[in-house]
Amino acid sequence: MIDWRLYLVTSGDGPATVRAAAAAAAAGAGVVQVRAKHLLAGDLLELVLDVASAVADSAPGTRVLVNDRADVAHAARRRGAPVHGVHLGQADLPVAEARALLGADALVGLTAGTLEHVREAEARTGAHRPDYLGSGPLRPTPTKDVGRPPVGLAGYPLRVAATQLPVIAIGDVTLADVAPLSRTGIAGVAVVREVMGAADPGAAAAACLSAWLR
Ligand SMILES: Cc1ncc(COP(=O)(O)OP(=O)(O)O)c(N)n1
Ligand SMILES: Cc1nc(C(=O)O)sc1CCOP(=O)(O)O
Ligand SMILES: [Mg+2]
């Protein structure tokens with residue numbers, strides 16, 4: 001059973017990133033996605049290996065995913081690292097191809113920012129069907145130029161109603177947003193800055209989890 005309520009998406013690389021991911025996992029983040037768009041595959045693999053090892057040491061139940069790169073997730077798994085899958089964007093490798101590479105036990109997420117994306121994902125079956133949807137942005141975020149209109153708080157109940165899949169809200173999610181978002185039916189919130197930008201990432205993660213209302 002995956003605890004989706006707090007889903008950390010990392011930023012940066014190096015020891016501070018690894019420590020922040022481990023601290024958030026120890027505080028209860030159920031998923032950690034390693035996102036490092038600035039790294040080429042070899043360096044990304046090293047980061048994924050370091051994060052997966054540190055997260056497994058501090059919170060063995062936390063799932064570790066790789067952003068975009070099913071090939072890197074596969075390489076990490078081949079080395080025996082506790083890496084559980086990949087988060088794919090709409091233009092990344094298809095979900096079924098990622099499953100073919102990673103195996104039937106892999107966790108595969110898909111970005112579904114619009115209601116149309118959510119409906120299209122919900123219609124999928126078998127290996128084409130993702131395990132969860134990342135849907136955003138809640139608001140425009142300085143972390144990334146998403147290029148889609150904001151979902152807004154009012155947009156999440158519509159997305160939740162359109163799918164049986166767990167919906168994860170992302171994009172400028174702050175501690176103050178967690179309580180209202182938790183009432184929309186979403187399964188979890190994904191954050192970068194709220195945890196990675198905090199002086200104490202473990203405390204920031206714990207605060208996000210405490211703010212959940214159900
Ligand atoms: C949980 C979650 N949801 C959405 C995204 C965005 O993924 P994508 O559209 O592929 O954009 P990049 O993160 O690759 O810039 C995500 N990473 N995680
Ligand atoms: C990686 C990413 N994807 C988004 C989307 O809406 O698809 S928003 C986002 C960045 C989220 O960072 P922060 O928590 O710092 O706002
Ligand atoms: Mg992507």
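Trainee: Where in the fold is D68 found?

Mentor: D68 is in the loop between β3 (63–67) and α3 (70–78). The element names are DSSP runs numbered from the N terminus, with at least four residues of H or I for a helix and at least two of E for a strand. Keep in mind that this is a predicted model: local features need pLDDT of at least 70, side-chain atom pairs count only at pLDDT 80 or more, and totals for chains, interfaces and linings use all residues. As for labels, residues are numbered from 1 along each chain as its sequence is written, while chains are lettered from A and ligands numbered from 1 in the order in which they are written.

Trainee: What pLDDT does the protein chain average?

Mentor: The average is 97, and 100% of the residues score at least 70. pLDDT is the predictor's confidence in each residue, on a scale from 0 to 100. For the model scores, ipTM is 0.99 and pTM is 0.98.

Trainee: Back to D68, then. Why is D68 called buried?

Mentor: Burial is a count of other C-beta atoms, placed from the backbone, within 10 Å of the residue's own: 20 or more is buried, 12 or fewer is exposed, and in between is partly exposed. D68 has 20 of them, so it is buried. D172, in the loop between β7 (167–170) and α7 (175–182), is also buried because it has 21 C-beta neighbours inside 10 Å. You'll find A91 in the loop between β4 and α4 (95–102).

Trainee: What is the phi of D68, and what is the phi of D172?

Mentor: D68 has a phi near 75 degrees, which is positive in a residue other than glycine. For D172 phi is near 65 degrees, again positive and again not in a glycine. Most residues other than glycine have a negative phi, and most peptide bonds are trans.

Trainee: Which residues does a cis peptide bond join?

Mentor: G136 and P137, with omega at about 10 degrees. P137 sits in the loop between β6 (132–135) and α6 (155–161).

Trainee: How many strands close into the barrel, and in what order?

Mentor: Eight, in the order β1-β2-β3-β4-β5-β6-β7-β8, with parallel pairing. On average, neighbouring strands of this sheet are turned by 25 degrees against each other, direction ignored.

Trainee: What makes β5 largely enclosed?

Mentor: Five of its five residues are buried, so the rest of the structure largely encloses β5. L107, G109 and T111 cover one face, while V108 and L110 cover the other. β6 likewise has both faces covered, with Y132 and G134 on one side and L133 and S135 on the other, all buried.

Trainee: Which residues is V118 in contact with, beyond its neighbours within four places in sequence?

Mentor: A112, L133, S135, R159, A162 and T163. Contact means C-beta atoms, placed from the backbone, within 7 Å. V118 belongs to helix α5 (residues 115–122), and it counts as buried because it has 22 C-beta neighbours inside 10 Å.

Trainee: Which residues come nearest to ligand 1?

Mentor: G89, T111, G134, I170 and A190, out of 16 around it. A residue is near a molecule if its C-beta atom, placed from the backbone, lies within 6 Å of it. β1 (6–9), β5 (107–111) and β7 each give two or more residues to that shell.

Trainee: How do the residues around ligand 1 divide?

Mentor: Five are nonpolar, seven polar and four charged. Ala, Val, Leu, Ile, Met, Phe, Trp, Tyr, Cys and Pro count as nonpolar, Asp, Glu, Lys and Arg as charged, and the others, Gly among them, as polar. The shell around ligand 2 has seven nonpolar, six polar and four charged residues; of its 17, the nearest are G136, T141, T143, V192 and R193.

Key: Pairing = 2+ DSSP bridges. Axes fitted to C-alpha atoms, helices over the stretch in contact; angles between N-to-C directions. Contact = placed C-beta atoms within 7 Å.
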